[in-house]
Amino acid sequence: MSITTPDDRTTTYNPIVPTTEFAADFPVFDVADISVYVDDIQRLDFTVTADFVDGISTNAKAVFSPGITGFVAVVGTREAHRTNRFVNGAPVPVKDLNLAFDTVEAEMQEVARDMLRSHRAPYGQEGGVFDANDIEDAEANAAIATAAAAAAAGSSSAAAASAASASDDAADIAALLAGLSIIGDGSAFPQGRLTLTAGVATPVADVAGATTVYYLSAGTGRYVPHWTGVAVLPLNIVAGLSMALSSNAAHVGYHQSGRNFDLYVFDDAGTVRLGTGPSWNAGAVAGSDTARGTGAGSTELEVFQGLLVNKNAITLRWGSASGNTVAIPARQATYVGSMRTVADGQVSDTAEMRFLFNAYNQVERQLRRYDPAASWVYTSVSFRQANGNAANKLQVLLGLSGVKVRASIQHTAFNTAGSTARPCVVMFQVAGVDFPLGSTGGVFNTPALLSGIANGVAMYEGYPGLGLQELTWREAGNTDITFQSFAAGFARSGMLGSFLG
């Protein structure tokens, strides 16, 4: 404390590794004079150590166990009161007089600090009264204003930029608006993305057979809100999280081939981790590739405090070693996405096989499949998978329902005889249902010309459902028909699509 220099009685820290002790660089007069805020949320789970001399301590510390990370503010919050009183005519010891003035000065410094943080009405007017809803609305309006300003700036730039740049600006603004969602207590939604590439939140290249899953900041922030059992507190993911997959069938919760798993961010005794629960098949009521199991022992989800969390107590696996598991109470793991294994302990995220799904900070994920054969003959009018190839399909894992998928097929055929026009058909099959249903949208005719070429197109846009979904490329040929995949001078047949994940 100083009688010449203003002091706001606040000491701040920003540890990136778990830290237990945080010193107050201002005098305190009682251990109750200190409050601690971590990432702007008040914490009560600490003790204060201090040595007092003549009623004053200059070495007070807030002590946490286990250690914490994030933005830590140690704040003086002394309740205004007297600790001594002088008797008329009696001597006044200097130390008692200094203590009395020091406590008054400290209380005034804290009042001045808090006044600077408060709403101030113009002179001559009374200040307003604000409840929690007013404050939340103000925060949301500020976020909207920020987004609007960004949109205006982006639109101005786009006027002078190319169409591609305008599209990029629009995508950036959409991502910004998505990241500004607020839940009831003011915490942001999870601010990371699942990825199979270290250091890259949204990889472009295909990744097949990965053995590690990462959770990285998506650029919208560095926190994941987490229910502690008492309050929603943020978990810091600024350094990124990773989880090695287990291929050992002897391990509890190992990552068995051909199974869906949900991924959670959680607090393991002070260490922030990424982990998986049981497969979707597990539970008192068993699940499947397209539905989560429910009840005890399942990965069933529920919405709590605005977050998707584990509904039941759950064992989470966070690594590939036998003991890399931890028991987590109900609601204390935050769901961030899902994955599907392609082999024991392996996951793929490719244009043909999108088996890593993000629940938050979603971006458009591209889908693509071409048959490797240059051409193939199919003279039957019966439907089959294109070229009789079971790989001619797009596969996606959708961790949440209500996700729209868009896809198209271009199918090129030519008439090898040319004596008669030959109709062909191309269509999608989704969840065992053919599209188009009874329509002629997928029918196309090859002309009555030798090597006469025709292109057929099939379109799909819809909500295929939860879990593993397959969009299959189907064809029906005809007499004298050869389907062309790719060759010089010919269009290329294949599948394209996209979804948010």
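Visitor: How many bridges join β2 to strand β6, and which way do the two run?

Guide: Strands of a sheet pair through backbone hydrogen bonds, either parallel or antiparallel. Here four bridges join β2 to β6 (residues 61–68), and the two run antiparallel. Two strands count as paired if DSSP finds at least two bridges between them. Strands are DSSP runs (E, at least two residues), helices are runs of H or I (at least four), and both are numbered from the N terminus.

This is a predicted model: local features need pLDDT of at least 70, side-chain atom pairs count only at pLDDT 80 or more, and totals for chains, interfaces and linings use all residues. Residues are numbered from 1 along each chain as its sequence is written, and side-chain values use heavy atoms, leaving out hydrogens and water.

Visitor: In what order do the three strands of the open sheet stand?

Guide: The order is β2-β6-β5, with antiparallel pairing. The edge strands are β2 (19–23) and β5 (46–49), and each pairs on one side only. Neighbouring strands are turned by 25 degrees against each other on average, direction ignored. Such angles run from 0 to 180 degrees between N-to-C directions, and the axes are lines fitted to C-alpha atoms.

Visitor: How many salt bridges does a search of the whole structure find?

Guide: A salt bridge is a side-chain nitrogen of Lys or Arg within 4 Å of a carboxyl oxygen of Asp or Glu. The search finds 19. One of them joins Arg273 to Asp268, with the closest N and O atoms 2.8 Å apart. Both residues are buried. Buried means under 20% relative accessible area, exposed over 50%, and partly exposed in between (1.4 Å probe, protein chains only).

Visitor: Which parts does the pair Glu302 and Arg331 tie together?

Guide: Their side chains meet in a salt bridge (2.6 Å, N to O). Glu302 lies in strand β16 (residues 301–304) and Arg331 in the loop between β19 (325–328) and β20 (333–343), so the pair ties together parts 29 residues apart in sequence. Glu302 is buried, at 18% relative accessible area. Arg331 is partly exposed, at 31%.

Visitor: What links Asp33, Arg78 and Glu107?

Guide: A network of salt bridges links these three residues.

Visitor: Is Arg369 buried or exposed?

Guide: Arg369 is buried, with a relative accessible area of 8%. Arg369 forms a salt bridge with Glu352, the closest N and O atoms being 3.1 Å apart. Glu352 is partly exposed, at 31%.
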